[in-house]
Amino acid sequence: MNKSEGSETGLPGSDPTSAVEPLVLPTSPRRVGGGVRLNIRGRSVRLRRLRRQPTGALRWLLLLGPGLIATSAGNDAGGIATYSSAGARFGYDLIWVMVVLTVSYAVVQEMCARLGAATGRGLLDLIRERYGVGWALFAVCVIMAANGGVTVSEFVGIGAAMELLGFNKYVVVPLAAGLIWYLVVFGSYARVERVFLLMTLVFFAYPAAAFMARPDWGAVARGAFVPTLRGDPEYILLLVGLLGTTMTPYIQLFQQSSVVEKGVARRHYGPERLDAYVGAFFSNLMSVFMIIATAATLNAAGRTEIGSAADAARALEPVAGPAAQALFAVGLLGASLLAGAVLPLATSYAVTEALGVPKGVNLDFRRARVFFSLFTALVVAGAGLALVPGLPVIQMLVAVQVLNGVLLPVMLVFILLLINDRRLTGELKNTRLYNVLGWGTFAVITAAVAFMLGSQFLDSLGIRILGDR
Amino acid sequence: MVVFSEILRCHVIDARGARARISDLSVDLAEEDYPPVMRLFFINAEKQHVSLPWGAVTGGDWRRRRLEVADLGAARAGPLEPPALEVLLKRDILDALVLDLQHRRVARANDLWLGEAGGRLALRAADASLGAVLRRLSRGWLGRGSGASLSDWKNVEFLRGDTRGARAGAYYERRIARLLPGEIAKLSEAIPYLHAAELLTLLPDPVAADVLELMTPERQLQVFEELDESQALRLLALASPDTAADLVGRLAPEAARQCLERLPAAQARRAIELLRYPDATAGGIMTNDLVYVAESLTIAEARRVLAVRLREPDFVYYVYVVDDEEARRLRGVVTLRDLLLADEGSRVGEVMNPRVLTVGPLAAAAEAAYQVIENHLAALPVVGQEGRLLGAVTVDAAVASVAPPNWRSIAPRVFS
């Protein structure tokens, strides 16, 4: 840069005509490349302000965002526990469920993303506007209770993972909560998204653990593509559990609200759907790797009882070595951190949408008081409760699963009705194939939820429809 | 006054004793301050959505939750879709976002209040209080009529979230135009992008262009792309060249080309001129909408020339002095005050201040910005080869380019 260019070029004002010195321009201007050459009104001009659309792999990478984050957050502490016990208890037998489920998962997540782009509104906004305050408040109350419970379990997961890695949870959990809080309250949406996307990289710990376990890949393929059904009550309950942990209302809420906040407009939606598909595929692939890793080690060694994600990691140590345990612990830590941020966010979105008050990571405390207060309260309460010794986390998660089970079919119906409302979605309405897949998913999920609730209810009465467990 | 959620629990009863539950009411938004109720909707015995004109109501008692009509059978079946200017209270307004212009806030219409206006039943207010929610959920048992936080309907703007819908009813009263562009822009940040785009369609073009300029860049782009093409181009032509260039610069190349082809020639030329410089340079943040005058003119001549030129540009604090209009080599600067106070007979070249800081178009944007801020300048002229005046980095552009991306949310807010 030539210094004289910006300096004062005044001369004594006696001879006004020569007052301004001819400017000394930089002899070799900074190289400015880039831009786009356009032909406008018959003149060819290079417009350096324009950006060429990114091409190739970069283009696809830039599309990733809400979908990948939402679905990855679904592989949280509770998810890891379920997938690990599926692997530990039944080996590779349940992998096919995840394969089939990926289609449903992708369809549901994509519908939410599309709904967000087509209307610029979150799921609760639309439920409130179309179906009234009663349904909206019902959903909000269930979401508050269920997500509050899950948030606690995420911070328990952070604590457990850090203890496995040799840290004191009473130091680390408040620290993690502080970090999450700072990121969301002081960050813009773009920055929060970038950090969340980086956190999803942690999930590659699971493929590493799976490969280290040297599974029998033939058996894996058989488990993935040959459906097996057993009359074993535990098998059926785990199958239902896999459905329930993969499809959760908060994942759908977060998907839609963050697509809105990312500012995806309906005319640019087309390629964005890839994000939802990749998210569903990636997160289920990681779940499959968890099943493989535990199947090849714990199941083979006959250790079939897994209570929590930390249990799974601990059980891995004697069987698969300290490296496998560390990988599981790192995965658990990343997943819990991500979900520990996403859950309070999804809850805050839902509540503020239902009430119609300002919301969004891009705003600040002053302008979105309810949004950030609720977020803060959830993070503080979640981290605080997680440190209470002897907290019945497992029982809490069971209760939460019941709440989410009740809410999930309701949410699916709303999503399907809203996406088919031409006045809202216009061109982006569902195609017939989507409706078939969507309603099919709804039917299966409803049956599974009814079964789960029914068996739990009868269980509490002392009746076991599936025989003794 | 009666609340709408209460009306929804009423029945219509005719002379023969047939009864039906009211399902919705339509109002005419084209009418003055308080839109009158036009029609009454209910579901008849054949399970069809039918409507009766409000004039058919012969009497009734809100307390006993009944309305009387002569004949329910006279109700017209047909689509629920009302004529363009009528909106349905339950379907369209209840639970939707409304802008309370008096309190400068966005709220959900938790309930609606109807009352007499001009001898007819009309929509009087939107109720955004939590009490209204409570009242609706408890079917009237709780949260009874405090009415503390009502938004008088004459201060409410109702949005449908559909740019075409609003255009169809474009001639209804645009209350939103009462606010300042900055206030409208700020309100529009708190609503979904389709609502914000609809808001622009409700405004006269010059105001809409100002509002568009004041939105955050992301919102600007989203909203701009939702407008129909002719309005988008009109607003772009009205916006300052640097805003137009910023906006076009964020479009995809093909969309940008089409925009530039269709803009009026003068605006297109200015925008193209600005778009030639990369983002992070002085040229990338400058405006080229300046007032300049040749140094050889006398003050009297200059005043005449400027009387015409000063109408157009945005930035008029400085008048730049150039050697002649063609070569446009920068010689100095005069302020409007200098021009007013100077002797008519003297030449511009004698009055001007020849000591001017300048910067090249490819200098780093941050460097130019800090020069503006540190020297307390209103603008810093950008000059090219041989001192040709290309544009100026204004203090606004300078602050925007060095402030953190979320500076708008940190900066003092306009209302409440």
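Me: How many residues of chain A are in contact with chain B, and how many of chain B with chain A?
Reply: In this predicted model, 59 residues of chain A are in contact with 80 residues of chain B, where contact means heavy atoms within 4.5 Å. Local features need pLDDT of at least 70, side-chain atom pairs count only at pLDDT 80 or more, and totals for chains, interfaces and linings use all residues. Residues are numbered from 1 along each chain as its sequence is written, chains are lettered from A and ligands numbered from 1 in the order in which they are written, and side-chain values use heavy atoms, with hydrogens and water left out.

Me: What area is buried between the two chains?
Reply: About 5,600 Å² is buried between chain A and chain B, and carbon and sulfur atoms give 52% of that area. Buried area is the accessible area (1.4 Å probe) that two parts lose on being put together, summed over both.

Me: How many salt bridges are there between chain A and chain B?
Reply: The count between chain A and chain B is 6 salt bridges, a salt bridge being a side-chain nitrogen of Lys or Arg within 4 Å of a carboxyl oxygen of Asp or Glu. One pair is B:Asp95 with A:Arg128, whose closest N and O atoms are 2.6 Å apart.

Me: And how many residue pairs are in polar contact there?
Reply: There are 18 such residue pairs between chain A and chain B, with both residues at pLDDT 80 or more. A polar contact is a pair of N or O atoms within 3.5 Å; within protein, one must be able to donate a hydrogen and the other to accept it, and residues adjacent in sequence count only if both atoms are side-chain atoms.

Me: Which elements supply the side of chain A that touches chain B?
Reply: Strand S1 (36-40), strand S2 (43-47), helix H4 (95-119), helix H5 (123-164) and helix H14 (322-355) of chain A each supply at least two residues. Helices (H or I, at least four residues) and strands (E, at least two) are DSSP runs, numbered from the N terminus. The largest share, 7 residues, comes from H5(A).

Me: How do the residues on that side divide into nonpolar, polar and charged?
Reply: They divide into 22 nonpolar, 16 polar and 21 charged. Here Ala, Val, Leu, Ile, Met, Phe, Trp, Tyr, Cys and Pro count as nonpolar, Asp, Glu, Lys and Arg as charged, and the others, Gly among them, as polar.

Me: Back to salt bridges: what is the partner of A:Arg266?
Reply: A:Arg266 forms a salt bridge with B:Glu226, with the closest N and O atoms 2.8 Å apart. A:Arg266 lies in the loop between helix H11 (249-262) and helix H12 (269-301) of chain A, and B:Glu226 in helix H8 (residues 217-226) of chain B, so the pair joins two chains.

Me: Is B:Glu226 buried or exposed?
Reply: B:Glu226 counts as buried, at 9% relative accessibility, whereas A:Arg266 counts as partly exposed at 24%. Buried means under 20% relative accessible area, exposed over 50%, and partly exposed in between (1.4 Å probe, protein chains only). H8(B) is mostly covered, with 8 of its 10 residues buried.

Me: Which residues are joined into a network by salt bridges that share partners?
Reply: Separately, B:Arg329 forms a salt bridge with B:Asp323, the closest N and O atoms being 3.0 Å apart. The network joins A:Arg121, A:Asp125, A:Glu129, A:Glu353, A:Lys359 and B:Arg108.

Me: New topic. Which residues touch the most other members of the largest nonpolar core?
Reply: Of its 138 residues, those are A:Leu94, A:Leu124, A:Phe155, A:Phe196, A:Phe254, A:Phe328 and A:Leu345. A nonpolar core is a set of buried Ala, Val, Leu, Ile, Met, Phe, Trp, Tyr and Cys residues joined through side-chain atoms within 4.5 Å. H14(A) gives the most to this core, with 17 residues.

Me: What is A:Phe328 in contact with?
Reply: Leaving aside neighbours within four places in sequence, the contacts of A:Phe328 include A:Ile80, A:Tyr206, A:Met290 and A:Leu316.

Me: Where is B:Val156 found?
Reply: B:Val156 is in strand S14 (residues 156-158) of chain B and is buried, with a relative accessible area of 1%. Not counting residues up to four places away in sequence, B:Val156 touches B:Val98, B:Leu99, B:Ser151 and B:Arg175.

Me: What about B:Glu157, buried or exposed?
Reply: B:Glu157, also found in strand S14 of chain B, is buried with a relative accessible area of 1%. A polar atom of the B:Glu157 side chain lies 2.8 Å from the backbone nitrogen of B:Ile176.
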